[in-house]
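Trainee: Could you walk me through this one before I start on it?
Mentor: Gladly; have a look at it, and then we can begin with a term.

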Amino acid sequence: MTLPVMIVGGGIAGLTVAHAMQSADIEFVLVEARDRLGGRILSAGNDGLPSEDGFDLGPSWIWPEMQPALSSLADRLGIRLFAQNDEGDIVLERSASIAPQRFPTFQREPRSMRMKGGTASLIAALRGRIAAEHVRLGTRVTGLTRLDGSVSVTLEGPDGAAETMEAAIVVLAMPPRLIDRSITFEPPIDPALTRRWRSTPTWMAPHAKFFAIYNEAFWRSDGLSGAAQSMIGPLGEIHDATTSSGKAALFGFVGLTAAQRRTIGPEPIIQASVEQLVRLFGDKARTPVATLYKDWAADALTATEDDLIAAGHPLPDARPWVSGDWSPVLMLAGSETSVTNPGYLEGAAEAALRVAADIERIWQGLPKRSASAFTL
């Protein structure tokens, strides 16, 4: 039996394609290598485990005025937004020989917004609209073989056992670089195309985030916004991460490279980050009730060795991501393949909606639209 559509990857892009397939009554299965859905979206509680009211260890912000695909998707799913706290002074740490300085902050437009319940609320809303029998967790795709009019997919289940399935269309909702490193193709993908996949930076992969969770947002009563910039580190950019329900926290992007983080290890970085928060926000920052640390470069289902060196942000590119014999049966839908906002939540939503529209047109007997011609 040939399945109409197989979706590989259970992040926002894969789930958005799955939701569209279910709405269009096109049979599909979604496979995800992790034991959870969300991919690079992960909202965690104090214990570091996924939470429905957690702190965003992956992407966090949304700008509705600039991100129409994501904003529309969130609105249709009933996701509520709240503004990133920016009231109060910002702290600048210029050097070890100069004490941190406070400066008035200026409200940026458009304001950064966050999702109530964390970005994982978006994943939960999509998951709740997809029938359970269409989703398989803990399942890796290791190989794709082009058949006459379909694809043979080799999978590895949670127990390591291999199996094959056949699908008319395979959607890879994954970073191109990770596709190149983890999936074999027969016949091989065009070498020029694989070089492009390999050279495309993976969103979030070079980065690490640190959170210090407190009983109260004490910096607010001190007239501080929770925002800080540092030339010393280890955190380079810091923000108020307090949830919509009032769970107080500060978070920062770790300024060390992925290679440096691997050499130093998490614990010294966590300790140094807390000490930095004390320098910036005072002694009340010394005793967080919990800390969270997520290094995406150490996540084998996000990053490859190429991601140890930050290579900038992926740029919009309307050229096809698949060519030749694979073009009719293989589609890429990861955030990095977006023609408008690659490497953002908006990009994942745009790429997924574009691919879903192409599949629906194929099922209706119409030709696919070119990426440059597609509008939401």
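Mentor: Helices (H or I, at least four residues) and strands (E, at least two) are DSSP runs, numbered from the N terminus. This is a predicted model, in which local features need pLDDT of at least 70 and side-chain atom pairs count only at pLDDT 80 or more, whereas totals for chains, interfaces and linings use all residues. Residues are numbered from 1 along each chain as its sequence is written, and side-chain values use heavy atoms, with hydrogens and water left out.
Trainee: How many helices and strands are in the chain?
Mentor: The chain has nine helices and 20 strands. Its radius of gyration is 22 Å, close to the 21 Å from the globule rule for 376 residues, so the chain is as compact as a globular protein of that length; the radius is taken over C-alpha atoms, and the rule is 2.2 Å times the number of residues to the power 0.38.
Trainee: Changing topic, how many aromatic pairs are there?
Mentor: The count comes to 10, where rings of Phe, Tyr and Trp (its six-membered ring) pair if their centres lie within 6.5 Å, and planes under 30 degrees apart count as stacked, over 60 as edge-to-face and the rest as tilted. One of them is the stacked pair of Phe-211 and Phe-251, at 5.3 Å centre to centre and 20° between the planes.
Trainee: And where do those two sit?
Mentor: Phe-211 is in strand S15 (residues 208-214) and Phe-251 in strand S18 (residues 248-254), 40 residues apart. Both are buried, meaning under 20% relative accessible area with a 1.4 Å probe, protein chains only.

Key
Buried < 20%, exposed > 50% of the residue type's maximum accessible area, 1.4 Å probe, protein only.
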